[in-house]
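Biologist: Hi, could you walk me through this one? I'd like to start with the overall picture and then look at details.

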Amino acid sequence: MNCPECGAVDSLCRTRFDELMALEFSDPAYFGTVHNLTVATFMLQHSSKLTKEGWLYERELLREFLVENKSPSFIRKQNKDLVDSGKRKFKITSKDGKRIISKTTWKKTILDVRTENAEVYCGDIKAWARSALEDAENVGDKIK
Ligand SMILES: [Zn+2]
């Protein structure tokens, strides 16, 4: 069965995500400047893991990286209070399993990311993230 959320074939997205995380943490060239994108994009495509505020927060993060070209360290500093869960006023993750958006036809999924070398990898992560952001910005009234 394909993933009911991102549409990945045989629901291989979760396994793939774990593999890519292992790759990023074992090789700094893969972690590169894309680690935040990998995580945020995966979360965005699996909205049942997030609260509505959390989903919108991840989408905004992606926009700041991709459109405003803010560096991960700048965003970390800017969002320090927000991501410090002690001070954050809303929850990011949700365990109720309810999806924020019903979209299942994403143009790209994590399975489109190739891993031959770090350059290809980082390029593909960015392409996947851009595509997902575009899809996510077009859901509008589908947000519950
Ligand atoms: Zn999926």
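**Contacts and fold**

Modeller: Happy to. Among contacts between residues at least 6 apart in sequence, 68% join residues at least 24 apart. Do keep in mind that this is a predicted model.

Biologist: Noted. How many helices and strands does the chain have?

Modeller: The chain has 7 helices and 0 strands. From the N terminus on, the order of elements is α-α-α-α-α-α-α. The radius of gyration is 15 Å, close to the 15 Å that the globule rule gives for 144 residues, so the chain is as compact as a globular protein of that length.

Biologist: What does the C-alpha trace span along its principal axes?

Modeller: About 40 × 40 × 25 Å.

Biologist: And what percentage of the residues count as buried?

Modeller: Of the 144 residues, 30% count as buried.

Biologist: On to the core, then. Which residues of the largest nonpolar core touch the most other members?

Modeller: That core has 32 residues, and the ones touching the most other members are L44, L62, I110, I125, A129 and A132. At least two core residues come from each of helix 1 (13–26), helix 3 (35–45), helix 4 (52–66) and helix 7 (118–137). The largest share, 8 residues, is supplied by helix 7. As background, nonpolar side chains in soluble globular proteins tend to be buried together.

Biologist: Let me pick L62 from that list. What does L62 touch, leaving out residues up to four places away in sequence?

Modeller: L62 touches A40, T41, L44, A129 and L133.

Biologist: Nice. Back to helix 7: how far does helix 7 reach from its first C-alpha to its last?

Modeller: Helix 7 has 20 residues and reaches 28 Å, close to the 28 Å expected at 1.5 Å a residue. Its buried residues are Y121, C122, I125, W128, A129, A132, L133 and A136. They cover an arc of only 135 degrees around the axis, which puts them on the same side of helix 7.

Biologist: What about the other side of helix 7?

Modeller: There, E119 and V120 are exposed. As for the buried residues of helix 7, what covers them includes helix 2 (28–31), helix 3 and helix 4.

Biologist: How does the span of helix 4 agree with 1.5 Å a residue?

Modeller: Its 15 residues should span 21 Å, and the end C-alpha atoms are 21 Å apart, so the two agree.

Biologist: Is D10 buried or exposed?

Modeller: Exposed, because D10 has 10 other C-beta atoms within 10 Å, and 12 or fewer counts as exposed.

Biologist: I also wondered about N69. Where is N69 found?

Modeller: N69 lies in the loop between helix 4 and helix 5 (72–78). Phi of N69 is near 55 degrees, again a positive value in a residue other than glycine. With 8 C-beta neighbours inside 10 Å, N69 counts as exposed.

Biologist: Great, thanks for the tour!

Methods. Residues are numbered from 1 along each chain as its sequence is written. This is a predicted model: local features need pLDDT of at least 70, side-chain atom pairs count only at pLDDT 80 or more; totals for chains, interfaces and linings use all residues. Helices (H or I, at least four residues) and strands (E, at least two) are DSSP runs, numbered from the N terminus. The radius of gyration is taken over C-alpha atoms; the globule rule is 2.2 Å times the number of residues to the power 0.38. A residue is buried if 20 or more other C-beta atoms lie within 10 Å of its own, exposed if 12 or fewer, and partly exposed in between; C-beta atoms are placed from the backbone. Two residues are in contact if their C-beta atoms, placed from the backbone, lie within 7 Å. A nonpolar core is a set of buried Ala, Val, Leu, Ile, Met, Phe, Trp, Tyr and Cys residues joined through C-beta atoms within 7 Å. The expected span of a helix is 1.5 Å times one less than its number of residues. The arc is that of the directions from the helix axis to the C-beta atoms.
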